[in-house]
Amino acid sequence: MDVELAVPEAYWTRTRKTGAVMVVLGLLATIVFGALAGSENARFALGENISGAGFDIPGTFGAIFFGLVALAAGVAMLVTGRYFGVLTGVALAGFIISALCWQMSVSPVSHTMPLGFIAAATFTAAIPLIFGSLGGVLCERSGVVNVAIEGQLLTGAFFGALFGTLTGSFWLGLVAAAVGGALLSAILAVFAIKYLVDQVVVGIVLNVFAGGLTAFFYEQVMRPDTDAYNFPGKVPSWPIPGLVDIPILGPALFNGNIFSYGSLIAVAVVTIALFRTRWGLRTRAVGEHPAAADTVGIRVLGLRYANVLIAGLVAGFGGAYFSMLSTTGFSKYMVSGAGFIALAAMIFGRWHPVGAFFASLFFGFFGALTGFLTSISSPIPSQFLSMLPYVATIFAVAGLVGRVRAPAADGKPYVKG
């Protein structure tokens, strides 16, 4: 007679640990934010400016109430040990709204947050992260670790600014940006696939290489004659009549440009290609079990080369955002860590294009929030506000993502037997 012994589940699961953290955040919001909040109302306008329709929340009441919401969600996670995603989202939303009620109620500049503007700023800040994380997904689904996203974005920004200025065409600048990202990816592919060099080390070296090379040419070529070599101009906006007037989401999704529309198209195309085509099936097979893929006739190394180059094209195109939309020209190290945040978005999104898209929006929101709080003269020092996107990245990857499984052959060189 076989006897099965039941192994008791550990009490401190990931859900309960996160719940304990949310309880602390809820208490902080309720007590500290509630005490610091002013008597003025925090107003949330639905449009892109502070006028128009919206709703008001009393500052002190809002800080305490939403702090209690975060606290209650944390307690629920501790008690039940379930509903991780929903309750974590509720707790974080409560904590953020509580903080906003505090900040807006004591602002000497404005007590209003235009939600349409925040949505548009969130999507705009997420654009390079979307392209970068898609580049990471394409590489790592093929079994090649892409830590060089930072360098690909930076190279794309440099090539876009330089060739966009030389040709007088932002279209050619965008093409050059994509090619620049692909060139850096080609180096990654050769060293990682052919010479079997550690892929993480190659990625870090390429980031340093891209930073130094672009900085050198910026100082020697671009800076002495900006008009001739570093003035590509901004890409035009193409608003969609009618849809752009939709509250909150309209300005974000339908008042866009080649980068915003292109990012949405890229997410759809990569998702369909990965999960609905023969190429996608082969790519996933190569990333999971290259030896098995090889036995059925799939050219493992050739597919990895092709996908790494495609990833470079995508990331390089996204890099042009920095020099052709965010600003009108290239400057040294202007990517400022966006490639590493994109890498985190890829992991947070569990190596899925749609997951990477929403993770990019999550990080983009904190970038938009930093800009908004700075504009209303937040009492929080600007140095701490600038840390928000990076703190959110660490918190998300270390605390929220949990146990995730990368493609089984990710980072493992394949030698044909």
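Alanine 192 has 1% relative accessibility, so it counts as buried.

A word on where this comes from: the model is predicted, so local features need a pLDDT of at least 70 and side-chain atom pairs count only at pLDDT 80 or more, while totals for chains, interfaces and linings use all residues. Residues are numbered from 1 along each chain as its sequence is written, and side-chain values use heavy atoms, with hydrogens and water left out.

## The whole chain

The protein chain has 17 helices and five strands. Both kinds of element are DSSP runs numbered from the N terminus: helices are H or I with at least four residues, and strands are E with at least two. Why does a radius of gyration of 23 Å agree with a compact globule? Because a compact globule of 417 residues would have a value near 22 Å. That rule is 2.2 Å times the number of residues to the power 0.38, and the radius is taken over C-alpha atoms. Along the principal axes, the C-alpha atoms fill a box of roughly 85 × 65 × 40 Å.

Of the 417 residues, 51% count as buried. The accessible surface of the chain is about 19000 Å², and 70% of this belongs to carbon and sulfur atoms. These areas come from the Shrake-Rupley method with a 1.4 Å probe, and for residues only the protein chains shown count as cover. A contact means heavy atoms within 4.5 Å. Take the contacts between residues at least 6 apart in sequence: 76% of them join residues at least 24 apart.

What about charge? The chain has 21 positive and 16 negative side chains, and the centres of the two sets lie 9 Å apart. Lys and Arg count as positive and Asp and Glu as negative, with His and the chain ends not counted. Each charge is placed at NZ of Lys, CZ of Arg, CG of Asp or CD of Glu.

Two strands pair if DSSP finds at least two bridges between them. Strand β1 (residues 41-45) pairs with strand β2 (residues 54-58) in the antiparallel sense, over five bridges. Here alanine 42 stands opposite isoleucine 57 in β2. Strand β1 is also joined to strand β3 (residues 112-114), this time running parallel, by three bridges.

Arginine 43 lies in β1, and its bridge partner in β3 is threonine 112. Its relative accessible area is 22%, so arginine 43 is partly exposed. Phenylalanine 55 comes 12 residues away from arginine 43 in sequence, and their C-alpha atoms are 5.8 Å apart. Leaving aside neighbours within four places in sequence, arginine 43 has contacts that include Phe55, Asp56, Met104 and Thr112.

## Helix residues to look up

Alanine 192 from the opening is in helix α6 (residues 170-194). It touches Val144, Val197 and Gln199, not counting residues up to four places away in sequence. Glycine 411 is 219 residues from alanine 192 along the chain, yet their C-alpha atoms are separated by 8.7 Å.

Alanine 215 sits in helix α7 (residues 199-222) and is buried, with a relative accessible area of 9%. Beyond its neighbours within four places in sequence, alanine 215 is in contact with Lys332 and Tyr333. Over in helix α1 (residues 14-36) you'll find valine 32, which is partly exposed at 34% relative accessible area.

Most residues other than glycine have a negative phi. Arginine 350 has a positive phi, near 60°, and tryptophan 351 also has a positive phi, of about 60°. Arginine 350 is in the loop between α14 (338-348) and α15 (353-375), and tryptophan 351 lies in the loop between α14 and α15 too.

Threonine 271, in helix α10 (residues 258-276), touches His352, Pro353 and Val354, not counting residues up to four places away in sequence. Threonine 271 is buried, with a relative accessible area of 17%.

Technical notes
Buried means under 20% relative accessible area, exposed over 50%, partly exposed in between (1.4 Å probe, protein chains only).
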